[in-house]
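Visitor: I would like to learn how to read a model like this one, feature by feature. Could you take me through it?

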Amino acid sequence: MIKKEFPELGEFYYEETLKNGLLIRVIPKPEFSRSYAFMAVDFGSIDTNFIWNGRDYQVPAGVAHYLEHKMFDMPDGNAMDAFARYGGSNNAFTNYTMTAYYVECTEHFEENLRILLKMVTTPYFTDESVEKERGIIAQEIRMYEDSADSAVFENLFSSLYRTHPARVPIAGTVESISHITAETLQDVYSAFYRPGNMMLTVMGNVDPAVVIREAACNTPDAGAWTPPVRNYGTAESLTDLVPRVEAAMEVSMPTFVLGFKYQPAKRGPETMRQEILGDLAAEMLVGESSALYQQLYEQNQIDSDFSAGFERMKGLGILEAVGDSEDPEAVAEAIFREAERIGREGLDEQQFLRLKKSAVGRRTRDIDSFESTCYRICAAYFDGVEYLEYPSVYQALRVEDAEEFLRQAVRREHASMSVIRPKNP
């Protein structure tokens, strides 16, 4: 077990990699009464096309989310019942790039951790239980299909990318999940749910030695395993897109996302730099502290829920501006014009420095959010980055970097607008 310190933050963690390949990081917080364990798998909804052990797999969309549901089934019962016996508050989620399982408790931490570890490393799929879950997931998919907030982003992804698997919703479609079987789940479990493709992060009033001991005793030997080779489709031109997509749903006001296709950084330190720089650039362009935001807000063209940021995943990068507006086209045109002005005149350096300082402060205050910090540490690790080194990334960024990012990103030929309008009465 090694101790890694981050003097700029006054933080540290203990780290151990087990013989089976499982990476463990523990951040003791003895001043808190609660403990939190987060088990992440480097496997998300976009991992539907891969080669493993010499075989080419193309699995149905939604399989990662389906598998997340079924991992709670154990040979001796449902894991949720076991957590409840020890006062553990547990849940799980699947996003585009990760599946994660977690539990929080104020007592019986060792018992709850043991259940979590056994649950994630014990595949138990029967034809009957997989079929029973299909209706539950189909109902969940239909609920998302009725959500304008989900649809506006899903439509944007499918208009910006022609082949990337993020075109398909995380949970898949009712049609795609109809092809998922117990064998499908076992295939993807065997390929991705290996200790060397997982990470356990724990925060709270815990003893690192106990965490490592429990993980060593309650996770399997890895055996021989070669990581799958993932395929997210051929590289796409930044101009190969559909510039506009519209739909009508039960909304009171049009909701929209203006997205700019951007070349994503590959795995390694550049991923964190690009995400941080993209968020700062978006904020300078049209974030809450920008002059354009204030102008649009005062003109009642946007409301206080309007936001801008940068999203990156394997093979995908998008600068986004999202909100509600009676006139999304006018907001988009204002953003184009502001980007053109910045291209000519540049950004305010003092404002950029204030924004950097504020962003670092928010992240640092957020460290005591166990949920956020454990997620960010795991997501960064899967991207080949040390998350807690973010202060040095911010420190190295200059206003010229943000100006160049906006020049490259905010171009009309890279843009697509997704709009959800109210249905006609």
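Predicted model: local features only at pLDDT ≥ 70, side-chain atom pairs only at ≥ 80, totals over all residues.

Visitor: Which side chain does Glu11 meet in a salt bridge?

Guide: Its partner is Lys29, with N and O 2.9 Å apart. Because Lys29 lies in the loop between β3 and β4 while Glu11 belongs to strand β2, the pair ties together parts that are 18 residues apart in sequence. Lys29 is buried as well, at a relative accessible area of 5%.

Visitor: How many salt bridges does the rule find across the interface of domain 1 and domain 2?

Guide: It finds four there, whereas the structure as a whole holds 34. Across that interface there are also nine residue pairs in polar contact.

Visitor: How should I read the size of such an interface?

Guide: The size of an interface is often given as the accessible area lost when the parts come together. Here the chain is divided into domain 1 (11-223) and domain 2 (244-422), and these two bury about 3,500 Å² between them, with 74% of that area on carbon and sulfur atoms. Of the area that domain 1 buries against domain 2, Val152, Leu160 and Tyr161 supply 17%, more than any other three residues.

Visitor: Which element gives the most to the side of domain 1 that touches domain 2?

Guide: That is α5, which contributes nine residues.

Visitor: And how do I read the nonpolar interior?

Guide: One looks for buried nonpolar residues joined through their side chains. The largest nonpolar core has 68 residues, and those with the most contacts inside it are Phe306 and Ile335. Its largest share, nine residues, comes from helix α9 (residues 269-286), and at least three residues are drawn from each of domain 1 and domain 2.

Visitor: Which residues is Ile335 in contact with, leaving aside its neighbours within four places in sequence?

Guide: Ile335 then touches Leu258, Phe260, Leu285, Val286, Leu292, Phe306 and Ala321. Apart from this core lies another, of 55 residues, including Ile24 and Val41.

Terms used. Residues numbered from 1 in each chain as written. Heavy atoms only, no water. Core = buried A, V, L, I, M, F, W, Y, C linked by side-chain atoms within 4.5 Å. Buried < 20%, exposed > 50% of the residue type's maximum accessible area, 1.4 Å probe, protein only. Helix = DSSP H or I, 4+ residues; strand = E, 2+ residues; numbered from the N terminus. Domains from an automatic or database assignment. Contact = heavy atoms within 4.5 Å. Buried area = accessible area lost by both parts, 1.4 Å probe. Polar contact = N/O pair within 3.5 Å; in protein donor to acceptor, adjacent residues only side chain to side chain.
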